[in-house]
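This report examines selected packing and pairing features of a protein model. The sequence and structure are shown first.

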Amino acid sequence: MTSKRCQFLRLFGYDLVLGSIAAFYVFTVPYTKVEESFNVQAMHDILYHQHHLDNYDHLEFPGVVPRTFIGAFLVSMLASPLVFAISFLQLPKIYALIGVRLALGGIVLYTLRFFRIQVRDKFGHQVEAFFVILTAIQFHLLFYCSRALPNILAMSVVNVAYGYWFRGNFYAALNSLIFATAVFRCDMVLLLCPLALELLLTKRISLRGAIKYCSGVALLSIGLSVLVDSMMWRKLLWPEFEIFWFNSVLNRSSEWGTHSLHWYFSSALPRSLLAAYPLVLFGVVLDRRLLLYVFPVFSFILLYSKLPHKELRFIISSVPMLNLSAAVAANRIYNNRKKTTWKFLNLVMLGSFLISLGSTFVFFLASYNNYPSGHALKALHQTGQLADMDEKLVHIDTFSAMSGISRFCENDYPWRYSKEEGISLNEFRDRNFTYLISEHSAIDGFKCLYFVNGFSRARLQLGFPPIILVKVPKVYIHGNTKLKDAMQLKWPGCS
């Protein structure tokens with residue numbers, strides 16, 4: 001009985017721990033940013049507008065490059081029963097946003113579980129336990145797993161590829177990466193190619209077999225994307241090809257900022273891995289089996305470093321595999337804790353785990369304050385509803401639309417919303433907007449009613465706490481001075 005209970009806890013206890021942390025991030029930081037906007041708006045439109053394509057957000061605001069609807073359809077289907085209940089109970093749509101994020105997080109954690117089970121079968125229960133511990137005390141993987149980024153949708157498929165790779169189902173692993181590349185993120189080809197080359201060189205697959213078993217999946221993946229997305233975008237389209245052309249051939253992604261060649265290794269990986277970062281190399285040294293698994297992932301990061309525009313989310317798919325290497329090292333250090341020469345390493349490892357936990361808390365606080373416009377719109381709904389007006393028209397500027405507001409944040413009548421672009425600050429006085437949510441502190445014809453602080457930077461100091469998060473006003477709510485009902489409400493903030 002005890003053995004069965006331990007087996008049950010190992011099987012589902014880890015899922016409960018990781019799932020609870022991910023759900024905590026969803027409930028405490030429900031809002032989304034510009035990187036997630038396409039999939040979030042697509043999920044909203046699929047759930048609320050369904051077949052009425054003319055009402056879909058992407059036709060009015062298509063973005064720089066087109067994205068696939070396949071991930072949005074999958075997540076929306078899973079979340080639809082919960083969203084139906086929310087609509088039936090007439091709850092605010094923000095609860096539906098929480099629902100779709102929980103559905104997405106569940107998909108990612110389920111695929112991570114599939115990989116984790118293969119880790120346990122290959123390296124043992126203790127390595128699996130350290131894998132879970134390292135994942136839990138890191139911030140970015142569990143925080144991002146419920147965020148509707150193409151990178152996260154791709155990562156869910158990459159986790160499946162890792163699992164098949166460990167199982168020895170090499171063609172299934174390649175097919176998973178082909179699907180992720182063709183549908184969700186074309187840059188997954190940078191992981192697909194090193195892995196395929198390694199499998200060919202180690203004679204685990206043959207070139208003939210790769211062509212035989214993978215060509216069909218490649219064609220089906222491309223065909224599925226073209227079929228679905230051409231219908232949704234109303235033109236013949238393969239989104240990931242256009243993104244590949246935009247980012248790699250035209251190299252226009254650099255317009256959104258560039259970083260040095262070493263940025264992933266000197267900034268992104270240390271922040272995402274925390275205590276696991278120094279343990280990754282140690283794990284490869286201690287267990288040579290890991291070299292075959294870590295090398296393609298390392299090559300993926302190295303190849304990605306060639307592109308000047310860099311973001312942590314671009315390489316987040318590498319974190320589970322690097323965590324495995326770190327978990328193997330942590331397990332070896334722990335097992336040798338009674339040996340004199342290893343005692344110091346155990347103390348250092350324990351200290352690094354505590355530092356990781358503290359860093360994760362700081363990252364969480366910074367992220368909580370990084371969605372100011374979402375908090376601003378919530379405050380507007382709570383206070384602005386007291387105004388005695390038949391209709392309330394809210395203009396949302398570009399910065400606010402990028403820093404926390406999505407269609408899930410909008411309420412029904414008497415609220416109406418506009419994201420009209422190209423309006424100068426001098427032109428607002430001639431428009432009939434009731435409220436403005438803006439990054440500007442002063443606008444002619446409107447009075448600042450409220451402002452929301454947002455995260456600006458972290459500052460080190462001597463004393464406790466050693467890190468101070470500096471917050472500054474980021475988003476302002478303005479009321480139309482011609483409307484007395486809006487002006488008479490008592491708002492904390494601006495005067």
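This is a predicted model: local features need pLDDT of at least 70, side-chain atom pairs count only at pLDDT 80 or more; totals for chains, interfaces and linings use all residues.

The sections below describe a helix pair and a strand with its pairing partners.

## Basis of the model

## Packing of helices α16 and α17

Helix α16 spans residues 319–335 and helix α17 spans residues 340–368. The two pack with their axes 9 Å apart, at an angle of about 130 degrees. The crossing of the two helices is left-handed.

On the α16 side, the contact is formed by Ala330, Arg332, Ile333 and Tyr334. These residues meet Trp342, Leu345, Asn346, Met349 and Phe353 of α17.

## Burial of strand β1

Strand β1, residues 392–396, is mostly covered, with five of its five residues buried. Lys392, Val394 and Ile396 point one way from the strand, while Leu393 and His395 point the other way. In a regular strand, side chains alternate between the two faces of the sheet.

## Pairing of strand β1

β1 pairs with strand β2 (residues 415–418) in the parallel sense, over four bridges. Within this pairing, Arg416 in β2 is the bridge partner of Leu393.

β1 also pairs in the parallel sense with strand β3 (residues 435–438), here over three bridges. In β3, Tyr435 stands opposite Val394.

Conventions
Residues are numbered from 1 along each chain as its sequence is written. Side-chain values use heavy atoms; hydrogens and water are left out. Axes are lines fitted to C-alpha atoms, for helices over the stretch in contact, and angles run from 0 to 180 degrees between N-to-C directions. A crossing is left-handed if the near helix is turned anticlockwise from the far one by less than a right angle, and right-handed if clockwise. Contact means heavy atoms within 4.5 Å. Buried means under 20% relative accessible area, exposed over 50%, partly exposed in between (1.4 Å probe, protein chains only). Two strands pair if DSSP finds at least two bridges between them.
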